[in-house]
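Student: I have a structure open and would like to learn how to read it. Could you guide me through a few of its features?

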Amino acid sequence: MLLPIAALLLTYALTAVIAILAAVALWRPLSILLAELCGTEERSRFWTVWSMVIMIATPMLLVSMRYVATDPTALVQGTVTSALFGVLLALVGMGFAVWSRSPRGEA
């Protein structure tokens with residue numbers, strides 16, 4: 001059994017690692033895509049940073065809404081599930097935003 005504060009800190013640390021890994025993996029491809037869509041470097045940089053904040057904040061928010069377990073196994077399982085769901089939710093939102101603004105060829 002973990003102390004409640006230790007469980008909370010572990011939850012946030014694990015979530016931050018998962019979210020930051022996803023953000024780092026997407027940084028370069030997303031910045032290239034947004035540079036093409038936005039037209040200027042300043043706009044592209046803003047939307048890239050905004051997207052990275054959303055990529056990290058969404059999992060943190062979802063994990064914050066969960067009850068923090070003090071059993072290590074339940075803590076890790078719940079945290080990873082919520083964090084990955086948050087990353088997926090952020091990706092779906094960003095994917096839809098990019099897709100809806102991307103030019104499409106005539107079929």
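Tutor: Gladly! Let us begin with a term: buried means under 20% relative accessible area, exposed means over 50%, and partly exposed is in between. Keep in mind that this is a predicted model.

Student: Let me try the term on a residue. Is W27 buried or exposed, or in between?

Tutor: W27 has a relative accessible area of 41%, so it is partly exposed. You will find W27 in helix α1, which covers residues 4–38.

Student: How many helices and strands are there in the protein?

Tutor: The protein has three helices and zero strands. Reading from the N terminus, the order of elements is α-α-α.

Student: How do I read contacts? Which residues does W27 touch?

Tutor: Contact means heavy atoms within 4.5 Å. Leaving out residues up to four places away in sequence, W27 touches T48, V49 and M52. For a contrast, take A69: it is 42 residues from W27 along the chain, and their C-alpha atoms are separated by 32 Å.

Student: Let me follow one of those partners. Where does T48 lie, and is T48 buried or exposed?

Tutor: T48 lies in helix α2, residues 41–64. Its relative accessibility is 2%, so T48 counts as buried. Beyond its neighbours up to four places away in sequence, T48 touches W27, L30, S31 and L34.

Student: S31 is on that list. What can you tell me about S31?

Tutor: S31 lies in helix α1, and it counts as buried because its relative accessibility is 18%. Neighbours within four places in sequence aside, S31 is in contact with S44 and T48.

Student: Which residues of α2 are buried?

Tutor: First, the general idea. An α-helix has 3.6 residues a turn, so residues three or four places apart point the same way. In α2, the buried residues are S44, T48, S51, M52, M55, T58, P59, L62 and V63.

Student: What covers the buried residues of α2?

Tutor: The cover includes α1 and α3.

Student: How do I read the length of a helix such as α2?

Tutor: You can compare its span with the one expected at 1.5 Å a residue. With 24 residues, α2 reaches 34 Å from its first C-alpha to its last, close to the expected 34 Å.

Student: What share of the residues is buried, and what does the surface consist of?

Tutor: Buried residues make up 30% of the 107 residues. The accessible surface is about 7,100 Å², and 73% of it belongs to carbon and sulfur atoms. As for contacts with a separation of 6 or more, 74% are between residues 24 or more positions apart.

Key. Residues numbered from 1 in each chain as written. Predicted model: local features only at pLDDT ≥ 70, side-chain atom pairs only at ≥ 80, totals over all residues. Heavy atoms only, no water. Helix = DSSP H or I, 4+ residues; strand = E, 2+ residues; numbered from the N terminus. Buried < 20%, exposed > 50% of the residue type's maximum accessible area, 1.4 Å probe, protein only. Areas by Shrake-Rupley, 256 points an atom, 1.4 Å probe, with all protein chains shown as cover. Expected span 1.5 Å × (residues − 1).
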